[in-house]
Amino acid sequence: MEESQLPNGEVSAPTSKFDSKTEASSAKMYFHYYGQLLHQQNMLQDYVRTGTYYAAVMENRVDFSGKVVVDVGAGSGILSLFAAQAGAKHVYAVEASEMAEYARKLIAGNPSLADRITVVKGKVEEVELPEKADILISEPMGTLLVNERMLESYVIARDRFLIPNGKMFPGAGRIHMAPFSDEYLFVEIANKALFWQQQNYFGVDLTSLYDSAFQGYFSQPVVDAFDPRLLVAPAICHVLDFNTIKEEELYEIDIPLKFTATVGTRVHGLACWFDVLFGGSSVQRWLTTAPGSPTTHWYQLRCVLSQPIYVMAGQEITGRLRMVAHNNQSYTLNLTLSAKMWGAGAEQGGILQTSSGKMELKEPYYRMSQPQIQPQAYAVAQDQQPQQLIQDMNIQSLDLEGADLLQHELENTNVQIQ
């Protein structure tokens, strides 16, 4: 923490690293949100999320048994209780919101575990603990992995509390990206701005604001569950190693994009999802939010461009996704996609089409919350049978090693929706 010198020579109250990079109003809303049981319940009832954490801990008891654990951003304390069930010597559950009081109550209601769990109310950037941790456990992932910027707190906790070569659950994350084509979604977003094309709205001409409204709707990333058949090229991924990454490296994430289209179509933007790895000593397990896998409360995210680009099968798509953190605990996304020349004259190089967009990760369009958008089979031709929806929430262990850890396939299809 830093102390600032006032003009009269007095020293102000110390400011933590969290406070120095976070707008006070954003932090207040953030901790208020996570201090409510209904939002904790929403996460606990994501059985893919909670069940994967439980399995990752229980399958790797050797990593927890007799060890000191720090639960970073403990929320209700559920992960601390899992760690205690796995035989942890002691767990420090660090939680900054008012949820810390509920965590104390929940832990006290489980007396066989309570004597090995201490709830510490405060930010990981500020609290002091009596001993170092052998292992950190946390659920720091937001939309597109990085939203809410809790990964930075997770890394700070690593530097402050974890012993050298200690374990992190999870220990790595990957952001997956692929171009997609979805004419229904594009038209849906574009049509929202038609309101502003009215020339006689109670005697007022609204058309001067149409262009601004049109761009405004496309500045919202779309959060929903989509059919993986909408992807027009194999996905690429960007790896974040939580064991080694520096906090400052999360302030700006710049990802070059390069794909080869598998079909000829209009590309409407970039689809994104993430997964994280629990690299246990016994079993290595992935938690994925991929399209076609059982749906989580994170869903997937799509950046939709206001100007689609046309591609043919075999054509190269290049671009860049640049994510810049800001003090409202989120990121501004800058996306550019370009289609290179194909066919006659291609040897001359050059760019055929380019489309760019700027999106605010903190202000998405939660499409899955719309009444007409409920999980159902994706629209297919009348002579085709829709594939069975994935309703089985069983969690499969991906017991992979080495390079195979970076190559698990997407399961067949899910949902969505128009």
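How do strand 7 and strand 12 pair, in the parallel or the antiparallel sense, and over how many bridges? Strand 7 (residues 222-224) and strand 12 pair in the antiparallel sense, over three bridges. Two strands count as paired if DSSP finds at least two bridges between them. Helices (H or I, at least four residues) and strands (E, at least two) are DSSP runs, numbered from the N terminus.

The model is predicted: local features need pLDDT of at least 70, side-chain atom pairs count only at pLDDT 80 or more, and totals for chains, interfaces and linings use all residues. Residues are numbered from 1 along each chain as its sequence is written, and side-chain values use heavy atoms, with hydrogens and water left out.

Stay with strand 12. Arg-302 in this strand is the bridge partner of Val-222. Strand 10 (residues 265-279) also pairs with strand 12, antiparallel, over seven bridges. There, Arg-266 has Tyr-310 as its partner. Ten of the twelve residues of strand 12 (residues 300-311) are buried, so the strand is largely enclosed by the rest of the structure. Buried means under 20% relative accessible area, exposed means over 50%, and partly exposed lies in between (1.4 Å probe, protein chains only).

Strand 2 (residues 90-95) joins strand 3 through five bridges. Tyr-92 stands opposite Thr-118.

Next, the backbone. Most residues other than glycine have a negative phi, and most peptide bonds are trans. Phe-169 and Pro-170 are joined by a cis bond, with omega about 5 degrees. Pro-170 sits in the loop between strand 5 and strand 6 (172-180). Leu-144 has a positive phi of about 60 degrees. It lies in the loop between strand 4 (133-138) and helix 9 (150-161). Leu-144 is buried, at 4% relative accessible area.

Finally, helix 11. Its buried residues are Tyr-210, Ala-213, Phe-214 and Phe-218. By contrast, Phe-202, in the loop between helix 10 (183-192) and helix 11 (210-218), is exposed at 77%.
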